[in-house]
Amino acid sequence: MARARDTDAVRRVHGAILGYQPFRMKPVHFATSFLLALTGRYYRLESLNKASVPKTAPKDGPRVRDEYPADRLHPLLVERGILDQSVDLEAFRTLRAHLNAAYNNDGSALSAVYPPYSTFGADYSAPSTRYISHRSKNHGYSGSFVLSVLEATAAGRETLEGIRRLLELPPPPLAAFGEPLLDDVAEEWCDKHDELYGEIKPERLARIGSGMEDCTIAVGRLAANLERLQSNYSMRYMVIGLCCWLFAYMMRQGSDSPLLLVDALQGSNPRIRAQSRATYTRALDLFSFSYDRAFEDDNGSAIQEDDWTVFASSAEARQVLDEHFRDLGVRIGIVQPRSAVAKHKHVELQADTLRVLAYSLLEKDQVMTLPEFAAQLRTTWSVVVGAHAADGDNLRANRFGPLDQDEDLLPNATAFQALLVRLGLAVEPSDGLTLVAIDAEELI
Amino acid sequence: MSEGGGSTAKAEGVRDGSQLWRTLAAAGREAIAEALTEEDFDRLHIESGIERFLGEQVRAGRNVVVTGNAGDGKTHLLRRVKHDLESVGAVVVEDATAEMRGDDPGPILKKWREAIEGGRPFCLAANEYPLYQLRMADVSAPHLVEVGRQCQDRLAYGDDETTGCAGNVVVIDLSLRNPLGGEFFDSMLDRLLDDEGVKTALASPREAVVRRNVERLAHPQVRARLRALAERMVALGHRATVRELWILFARMVFGTEEHGEYQRMDWYSEALFERDDRFDLTEALQAVDPAGCSHPVWDAALDARAPEVREGWVLQAPVPTPHPMLDWENFAALKRRFYFEHEKGEEVFDLADADAKEFEDLVQGRKGSGRMLVANLVDAINAAYCPRHFDSRDQHLYLWNGHRFHEQPSRSFVATERVATDDFVTEVPRLPARLERCFDYRSDHIALTARRLSGTPRLRIDFPLWRTLCRLARGLPRKLIPERDIHRLDAFLQKLSAGTVGERDSVWSIHLENLELIQVNLSADRSRFERVRSYG
């Protein structure tokens, strides 16, 4: 009973300060949450869940017969007309392994959730909204929170329109693979965010929306570019973009001018690596500390002192904050290394993440010089690579250093530039310029 | 190993006609422009078809935009012909950057507009970014729209070509003229060897080194093999600016000042492969260095000074080192000379990278691009996603998709659509018809084109990607594919997907953890799995 009270208290603190509950959340969890909130509907996906989560030994309960083992599921699917009877048991087992690889492609986020199983939640690597179920357990209603913030401003509403248009595009091939297992009828989803975390007042939503407006506009630009490009990876890029928005929001909770130094040299320059780690560590610390500051600034109006006492005295509650920040940063390809046991993490953009950020900053046919692009990266996404003249001063002003312009920042910027070129996002046409654009090779 | 025994005259204090070449030989990439006078530029000018072409276009009333990379000679070209162009009424802007107000291309737009209103041709030299800024400054002007179109359709492939020049504009992109390829390369070396200043230097008794280098560089066999190296570099994707080539040629004749007393270092063949950090071309040359390619028979013969390498030299054989064993530098120097001057020299590349040789043959049109080639390319691209070989892997290009949200690689790829190998062709690009007779073009890539799909998606295969595809065909694991190449393949599949409307009733799935491939047939309404075929 006491533990339940404590859990409620911690939840209320998160709701009052962050707006949602931080868990060890992966992008796939966020995707489920956001798409549930955006569409207001879900699919049961019982057949898909049973077919794509292989179990070998049955775990029958007193009142429930386990239908997950292949030899039990096979006749059921044949009987329901989902599986042709010519597909034998061995072929069915093989099919299940492939369905699992396809829809559990996000690091063990997909578990058996139908009786007799009930643990861990189910999040599918959803290629379309038809793969969204309501059995996700790890999102803390982060998607509902982001949706509410976006709905609170004109820029956000425009961004949401772009995202909705994106969802109407033809889905990628993966959507066809599991189609026989999908449900035809959607069910209405009940958003329990306000019930669990308290309603976020309009003025607070507007304030957050205003503070995040540059990122919101960037995500809207990303949606517009993805709609035009009609990529099979649109959904993936969109979710990474929204997660970057959430990561930026967390950093801005901690600091008015957060800064992450990208180690584009991948460790070959120890000074860059050390400062990159320092920027990440400070962002993490400031995010964690933002809770204390929020409580101090609150004067008891939104956070009950008793709730705060429970939260502040719980090491576990503190730890989950760090884990949430770290896990999201790693899983969206901003922070490295991946291993949870690696004590020191640094900032290193993965190829797809850089592509998402570029799509969020560049309009169709727009060309930026590398310093212009670097300036946009810094102001919108708080990411610094050393390619802008002010980067060194900014780092120094934030007490990161010493870094030498010629020995450290310039080589780092050059390595970053090389990555942009490798990804087809930049060309080096003449006069020592590097020009950044979507489809740079074709445009310039 | 010394030969000739002469010493190179120091540039300092020398004021004869060879001073220009010595300055070039000592120059870095950045130093050269400031060091040369207008008279020097005149001396370095190589008359080519471009001047004639430019004149014809302007006399026909067309506007001409000359663009390209820094060092390609745009401004130099327009300066050379400015008087002639103006004499037929053209307005000439030799340097767009100098004409612009900061980033504002307004002054150029104004001049061009006035030229159009006055019925006068307009000629402009512009680097690519200023030209882009110009295009973006007035996106509705027909002449600028045409400039944009020609900038994007720089090359012609197969039968596809938009003919004509709307807006009466011709864009000449000098970055397509690789001075390493074609007649321009020979013309430059001829200019140097025939220069009066060089001839004067040859008459000096102190210039034995220059005499020897000139004698060898003038020999047809040496020239042919030098040219072959240059062509190979072009095929492998390397390029040089005119400026870089002048510096390199000058070094091959005069050496560099830093060397002082001449020993082996002043052989033309050593100067050719000497690294200089200021100078990108010297790095690129390492890819075609004969010393970097081993040949068991000739290497052993050179090392042992065997009888077969004491004879067969087109000119005097290099004087061997007195030491019993050749150290690496001396062996490399000897082998380079062997390549250029020995009758069997070309054999040093017999064991060179077979992928490179095949690619060179392809881009130079020496090897046909038939169905087998297309099938091999399709198979290799499929292998980047599906390492499991199956019977139709070379018959269709499958449009693989590995959707997931987190940063880790996909556990599987799935394809529901595919494009038949017969729908692809390989193409070697050429200059578009509007630029015919302007200059020689040497391709550095081939294209794999889906000719029947809307938008004719095209994969540009340059040497690095070609090498990756060759390695994929030999089993290169996906995780070792260079980032640049996997991006290109992804982008190509994406373009193909956009032009393909599949029924999606067949699904191919490759499980990358157990390398198992299945083909799943769905019912027409996609409500039932009808068949699951496993490929091992």
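**Briefing: a helix pair in chain B and the A–B contact**

In chain B, the axes of helix H4 (residues 49–59) and helix H5 (residues 74–87) come within 11 Å and cross at roughly 40°. That angle is why H4(B) counts as oblique to H5(B). The model is predicted.

**Helices H4 and H5 of chain B**
- The crossing of H4(B) past H5(B) is right-handed.
- H4(B) brings B:Ile50, B:Glu51, B:Leu54, B:Gly55 and B:Val58 to the contact.
- From H5(B), the residues they meet are B:Leu77, B:Arg80, B:Val81, B:Asp84 and B:Leu85.
- By class, this contact of H4(B) with H5(B) has 6 nonpolar, 1 polar and 3 charged residues.

**Contact between chains A and B**
- In this contact, 52 residues of chain A meet 45 residues of chain B.
- On the chain A side, the elements giving two or more residues are helices H2 (27–39), H5 (89–103), H8 (174–177), H12 (234–254) and H16 (351–361) of chain A.
- H5(A) gives the most to that side, with 7 residues.
- The chain A residues that touch chain B divide into 28 nonpolar, 15 polar and 9 charged.

**B:Gly148**
- B:Gly148 sits in helix H9 (residues 142–152) of chain B.
- B:Gly148 counts as partly exposed because it has 19 C-beta neighbours inside 10 Å; a buried residue has 20 or more.
- B:Arg135 lies 13 residues from B:Gly148 along the chain, and their C-alpha atoms are separated by 6.6 Å.

Terms used. Residues numbered from 1 in each chain as written. Chains lettered and ligands numbered in written order. Predicted model: local features only at pLDDT ≥ 70, side-chain atom pairs only at ≥ 80, totals over all residues. Axes fitted to C-alpha atoms, helices over the stretch in contact; angles between N-to-C directions. Helix = DSSP H or I, 4+ residues; strand = E, 2+ residues; numbered from the N terminus. Parallel < 35°, antiparallel > 145°, perpendicular 65-115°, else oblique. Left-handed = near helix turned anticlockwise from the far one by under 90°. Contact = placed C-beta atoms within 7 Å. Nonpolar A, V, L, I, M, F, W, Y, C, P; charged D, E, K, R; others polar. Buried ≥ 20, exposed ≤ 12 C-beta atoms within 10 Å, placed from the backbone.
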